[in-house]
Amino acid sequence: MQKFSKLLCNTLKEVPNDAVIPSHQLMLRSGLVQKSGSGLYNLLPLGLRVIQKVENIIREELNKVGCQEINMSVVTPSELWKESFRWDELGDLMLKFTDRSGRESCVSPTNEEAVVDLFRKQVNSYKSLPLTLYQINTKFRDEIRPRFGLMRCREFVMKDAYSFHENKLCLDKTYDQIHSAYESIFKKMGLDFMVVEADAGAMGGSDSKTHEFQVIANSGEDEVVISKEANYAANIEKAMTQRQPLDFDESLDNLTEVSTPNQKTMEELSVFLNKPLHHLLKSLIYISVKGEKRDLVQVVLLGDDNLNEIKLKNHLSVDEIYPATDSELEKSGLVKGFIGPKGTPIKCFVDKSVSATSAYVVGANKQGCHFLNFIPDRDGKMSPVDLRLAKEGDLVNGATVSIKRGIEVGHIFQLGDKYTKLMSATILNSEGKSVAPLMGCYGIGVGRTAAAAIEQSHDEKGIIWPKAIAPYHISIIIAAKNNPEINQLAEDIATECEALGLECIIDDRDVGIGFKFNDYELIGFPSAIVLGKKWINDKEIEVKMRRSGETLTLTRDTISDRLLELIK
């Protein structure tokens, strides 16, 4: 059993200056981690126990569905990355180096190439499939701005799994099995999470399944669009929603130019012309990049909508998009603040929410001027596409959606044959033909999951751990100095509780009782047993429950069984 007096754990009263979100603050203050550099953290004993518990739950559930654990080298040779053309594509995100023999390598940011290389050297027949391999290993991504502690650091522990299949039917079956395993993993950890549809991006094809597992938390970086009524949940980048019914301007008047001096924003123009924002159209100019080719693209939206850049990038099937700079606009002869779709020489797309037969205000492509009564079908040539960013109050199948914030802790998607084809990995299928197997990819951020648990469950006093991943279940606080009877009682109770699977730490430090209580609440052990005056005077044991704040009085003969029941 662990004695607190021998534990490497120094708690802090003050919040570290560079820690912004609760999980980062509390992990440092409670002695779970220690910062060693920018985006780099040492796991201290309590933090390591949490991480190991997360890892063990992952292992248990993946092994149940037939996944096999491996351990690949953290350093991978450049040759593998060059086969997939990602040696240059991932750029500065990769930490590259050259060894004494002149060989180029990198510290792995991900392992698709490495696992395909392993597979092609080991498997050559469909009879070995499906095969799912996973590892829990270190990754390194040289983030420009690492922040938020374990939530977004440069070196981190990740569970990455990869499955191989003869055909799509086989891939879909394994995908669904791992989807279920992920749900079991996060349920076992005691997390409030949602499974949402996500964007496959460049990693998968148009028919690829892609889902994210989002832990619901106010500090989450992601926005999740949900409707329980419609049984719908999607990352905001993927969400396809409709606006509530709108009262469009059905005027058929002729296109008219009006002077709008200095009215460069939608809000300014709305007030100036006394028209609602959805009677105005905003034009955005983007640069699309595909290989060496760069093109201007114009996007037209209702005045109170925003562009979903992921949708535009996917629709264009390009490598990258970014908003045109002022100099790029000027070079193209476009007038910032007064750009419109009338007579535009640029390839132009209009969001589907724009009514093709209604009248709008649009930029006149002239300094200080706009057009009234622009009717898309009559006055413009634009391709309708779903491009808008979903927002609170939109509709899905007639049901209203809401938006919550979430932290992505897991991501599963179907890779198809992208990497197996690029790296010439083949098998003989059931017909004796040589084919590139299909792949699935499944990730969980281990440290990020622990941090997300804190973001979801804490208060002003500290962390409130779910039982499954708490560093210890019970802190046995000795509240009487130099009392051999109390010391022995603490050890007896710890032995009894641990026999029932309840892990105990005995706080035997020579510090005040208030200090011990503060650390119990800060670190977030699910419960505390207080051995002091109540036992000495009345042979009663005080028990505190961290989540509820409840204080109970128990007897010696009921303590372990009652705690087992309470902590569950």
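With which side chain does the side chain of Asn 111 make a polar contact? In this predicted model, the partner is the side chain of Lys 139, at 3.2 Å.

**Surroundings of Asn 111**

Asn 111 lies in the loop that joins strand E7 (104–107) to helix H5 (112–120). With a relative accessible area of 2%, Asn 111 is buried. Leaving aside residues up to four places away in sequence, Asn 111 touches Met 72, Ser 73, Thr 76, Gln 135, Lys 139, Asp 160 and Tyr 162.

**Cysteines**

The structure contains 0 disulfides.

| Cysteine | Nearest cysteine sulfur and distance |
|---|---|
| Cys 106 | Cys 441, 16 Å |
| Cys 497 | Cys 504, 4.4 Å |

Cys 497 is in no disulfide, because a disulfide requires sulfur atoms within 2.5 Å and the sulfur of Cys 504 is 4.4 Å away. Cys 106 is likewise in no disulfide. Cys 106 is buried, at 0% relative accessibility, and Cys 497 is also buried, with a relative accessible area of 0%.

**Domain layout**

The domain assignment divides the protein chain into domain 1 (52–74 + 108–239 + 404–454), domain 2 (256–385) and domain 3 (472–566). Between the C-alpha centres of domain 2 and domain 3 the distance is 66 Å.

Note on methods:
Residues numbered from 1 in each chain as written. Predicted model: local features only at pLDDT ≥ 70, side-chain atom pairs only at ≥ 80, totals over all residues. Heavy atoms only, no water. Buried < 20%, exposed > 50% of the residue type's maximum accessible area, 1.4 Å probe, protein only. Domains from an automatic or database assignment. Helix = DSSP H or I, 4+ residues; strand = E, 2+ residues; numbered from the N terminus. Polar contact = N/O pair within 3.5 Å; in protein donor to acceptor, adjacent residues only side chain to side chain. Contact = heavy atoms within 4.5 Å.
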